[in-house]
Amino acid sequence: MSGLVLIIGTKNYSSWSLRPWLLLKHLGLEFTERQYHFGTPEFANEIPKLSPTRKVPVLLHDELRVWESLAIGEYASELAGGSGWPADAGLRAQARSVAHEMHAGFRALRENCPVNARATGRHVAMTSPLEHDLRRIDAIWSGCRRDHGERGPWLFGDFSNADAMYAPVALRVRTYGLPLSALAARYLETVLDDEHLQHWIRAAEQESIVIPEEEVGAGA
Ligand SMILES: N[C@@H](CCC(=O)N[C@@H](CS)C(=O)NCC(=O)O)C(=O)O
């Protein structure tokens, strides 16, 4: 696939950039990655020209611009003949439900446990809203493993948009050592062992930019 350009932010911190990047990798779509680091003049100058929301990610395809990670995921899936979602309509609806649930929810997790791809051994206080989010995430991961484990290692068997949406959650669980049930922990292992995610983490480790507000839980 020629002409696809994915605009992303700093890999260490950009949860939303990771989602379509990982999906494009899994779909085997060729794309050029263009990175703008947060807090730099380049980001401030260039992103407003590329994205109406002034946020990343944005997918450029010739003259077309697609923003919002789920919309990028849908477009990429269509380019790949629909393989970004399960083939079965019922499973597809469920996969979309959990993907959208991630996009719209889990506020406590997002606020308290910022993505910090290269960091491990961090700790945050367990609050009731955080525990509530984690319980729901565990129910999704372990429920999908229980119901679809025979189809393959991902939430709905093959890798789908649903897995892309939860990849940054897996990074948060890893960074802050958040507790999971045994079944959900097996899914976490699948995500963290993924070769593309490993590349992303390695790249984040090479980045030198540090955003102090996102550095949470060290020495806590
Ligand atoms: N709803 C958007 C969220 C995009 C978003 O919040 N991106 C963040 C980076 S992870 C961003 O660009 N932040 C820069 C800013 O707000 O200036 C999506 O799904 O793509």
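1. **Domains.** The chain is assigned two domains, domain 1 (4-79) and domain 2 (89-204). The bounds come from an automatic or database domain assignment. Taken over C-alpha atoms, the centres of domain 1 and domain 2 are 21 Å apart.

2. **Basis.** This is a predicted model: local features need pLDDT of at least 70, side-chain atom pairs count only at pLDDT 80 or more, and totals for chains, interfaces and linings use all residues. Residues are numbered from 1 along each chain as its sequence is written, and side-chain values use heavy atoms, with hydrogens and water left out.

3. **Interface extent.** In domain 1, 21 residues are in contact with 27 residues of domain 2; contact means heavy atoms within 4.5 Å. The two domains bury about 2200 Å² between them, with 66% of it on carbon and sulfur atoms. Buried area is the accessible area (1.4 Å probe) that two parts lose on being put together, summed over both. On the domain 1 side, N12, R19 and L70 lose the most area to domain 2. Together they account for 31% of what that side buries.

4. **Polar links across the interface.** The rule finds one salt bridge between domain 1 and domain 2. A salt bridge is a side-chain nitrogen of Lys or Arg within 4 Å of a carboxyl oxygen of Asp or Glu. Ten residue pairs are in polar contact across the interface, both residues at pLDDT 80 or more. A polar contact is a pair of N or O atoms within 3.5 Å; within protein, one must be able to donate a hydrogen and the other to accept it, and residues adjacent in sequence count only if both atoms are side-chain atoms.

5. **The domain 1 face.** Helix 1 (15-27) and helix 3 (69-79) are the elements that give two or more residues to the side of domain 1 that touches domain 2. Helix 1 gives the most, with ten residues. Helices (H or I, at least four residues) and strands (E, at least two) are DSSP runs, numbered from the N terminus.

6. **Salt bridges.** The structure holds nine. R96 lies in helix 4 (residues 89-104) and E74 in helix 3, so this pair ties together parts 22 residues apart in sequence. The closest N and O atoms of R96 and E74 are 3.0 Å apart.

7. **Aromatic pairs.** There are seven. Rings of Phe, Tyr and Trp (its six-membered ring) pair if their centres lie within 6.5 Å; planes under 30 degrees apart count as stacked, over 60 as edge-to-face and the rest as tilted. W141 and Y166 have ring centres 6.4 Å apart and planes at 80 degrees, so they are edge-to-face. W141 is in helix 6 (residues 128-148) and Y166 in helix 7 (residues 161-176), 25 residues apart.

8. **Backbone checks.** The V56 to P57 peptide bond is cis, with omega near 5 degrees. P57 sits in the loop between helix 2 (41-50) and strand 3 (58-61). E68 has a positive phi, near 75 degrees, in a residue other than glycine. The loop between strand 4 (64-67) and helix 3 holds E68.
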